[in-house]
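Please open the structure in your viewer and keep the selection tool at hand. The stops below say what to select next and what is there.

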Amino acid sequence: MEDSQKDIVILAVETSCDETAAAVVRNGREVLSNVISSQIALHTLYGGVVPEIASRSHIEKINQVIEEALLEAHMDLPDMDAVAVTYGPGLVGALLVGVAEAKAIAYGAGKPLIGVHHIEGHISANYIENKELEPPFLCLVVSGGHTHLVKVADYGSYEILGRTRDDAAGEAFDKVARAIGLGYPGGPKIEEASRAGDPRAIAFPRAKVAENAYDFSFSGVKSAVLNYINGCRMKGISIVEADIAASFQKAVTDVLIEHSMMAADESGIKKFAIAGGVASNGTLREGMRKACEERGLAFFHPSPIFCTDNAAMIGAAAYYEYLAGRRDGWDLNAVPNLKLGER
Ligand code: KG4
Ligand code: ZN
């Protein structure tokens, strides 16, 4: 076989927040294994991610998770072409566990090391199940820490068209869920509660940002929900959680879809993708699908398991970095506020 046709197999590691994950990915799009050890049960007690607990738990789980990923792929370290790891953005202590582990493994096995941007990973999750998807396309990245409207000009080449000015979309879901007493993580709980609710019951605000029409702001809708709940309590009116959840979910997804379609219309790019934990939300997916259909745009989204944090998406992103010849040294460090497109 010609060298250019050789399969590229990458071991990928992801520990930026509360999932300890490892995966083996062939040629960027074929997932041979995808192991995720979730810490949700540990953090539920505190109503959110506790950074110190996350770091400790990553240390306890990381070796086992990597061993499982190799085992499931029926491969061993010598079969790998590179070791990839998320090095930012994220919680510094959590990132450090993955970075130190990946460096040690790559050094020990004599393999190249590739540091990957977490958001680039989320975007690349779309390559896994959509084999035909290639840049340029637009992507809405909506997670617990990020809300970015991105133009993917080429593999590894990104232009941020809009971003949140305050809370991330997932963060707003988490905070509102806590306020209604639904617990953590908020996104799936709000979506579940919404099924029994009326999305038109309460008119929550849909904020616009004056300086950049593509930017988002979710602190207003979050405050409006809290004010609504307090108002009901003061008047002795019992709240209907399902209606609040459904109305809030509609307000957030309406804005996400509106800004996304505005960018699609103005850019003329005919492919639109979504990514990140909130991209597993059914109302967002269906709304986006419909809006794309109306405009004749091709719509792409990962399966829910590739929307929330996982290492397969890091392996997908790393493949294109590998092809572009990008390699990191043994001095690779965790960068908690790493910007997209920076290296
Ligand atoms: O991508 P992710 O796993 O982690 C980050 O990089 O932040 O996203 C987690 C976020 C959480 O805020 C969670 O509440 C939200 O994604 N999420 C959802 C849903 N599933 C997860 N939000 C809305 N609807 C869902 N079904
Ligand atoms: Zn994420």
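On a 1 Å grid over the protein atoms alone, a cavity is a set of points where a 1.4 Å probe fits but cannot get out, while a pocket is an open set with protein on both sides within 12 Å along at least five of seven lines, and lining residues have an atom within 4 Å of a point. Grid points are joined across faces, edges and corners, and a volume is the space filled by probe spheres set on the points. This is a predicted model, in which local features need pLDDT of at least 70 and side-chain atom pairs count only at pLDDT 80 or more, whereas totals for chains, interfaces and linings use all residues. Residues are numbered from 1 along each chain as its sequence is written, chains are lettered from A and ligands numbered from 1 in the order in which they are written, and side-chain values use heavy atoms, with hydrogens and water left out.

**The cavity**

Select P205, R206, A207, S217, F218, V221, A251, V252 and V255, which line the largest cavity. Its volume is about 30 Å³, and the structure holds one cavity of 30 Å³ or more. Helix α8 (residues 241-267) gives the most to this lining, with three residues; helices (H or I, at least four residues) and strands (E, at least two) are DSSP runs, numbered from the N terminus.

**The pocket**

Which residues lie nearest the centre of the largest pocket? Select D18, S143, G144, D174 and Y184, which hold that place among the 41 residues of the lining. About 1,000 Å³ of space lies in this pocket. Then colour α4 (118-129), α5 (169-180), α6 (186-194) and α10 (304-307), each of which supplies at least two residues of the lining; the largest share, six residues, comes from α5.

**The five-stranded sheet**

Next, show the open sheet whose five strands follow the order β3-β2-β1-β4-β5 with mixed pairing, where two strands pair if DSSP finds at least two bridges between them. At its edges stand β3 (30-38) and β5 (113-117), each with a single partner strand, so one side of each is left without a neighbour in the sheet. Neighbouring strands here are turned by 20 degrees against each other on average, direction ignored; axes are lines fitted to C-alpha atoms, for helices over the stretch in contact, and angles run from 0 to 180 degrees between N-to-C directions.

Within this sheet, β1 (residues 9-14) and β4 (residues 82-88) pair in the parallel sense over four bridges, and selecting I10 shows that it stands opposite A82 in β4. Helix α11 (residues 312-323) lies across β1, β2, β3, β4 and β5, running at about 130 degrees to β1.

**Around β9**

Move to strand β9 (residues 271-275), where four of the five residues are buried, that is, under 20% relative accessible area, with exposed over 50% and partly exposed in between (1.4 Å probe, protein chains only). Strand β6 (residues 137-142) runs parallel to β9 and is joined to it by four bridges, with F272 as the bridge partner of L138. F272 also stands opposite F299 in β10.

**A last residue**

Finally, select R195, in the loop between α6 and α7 (219-235). Is R195 buried or exposed? R195 counts as exposed because its relative accessibility is 64%.

Methods: Contact = heavy atoms within 4.5 Å.
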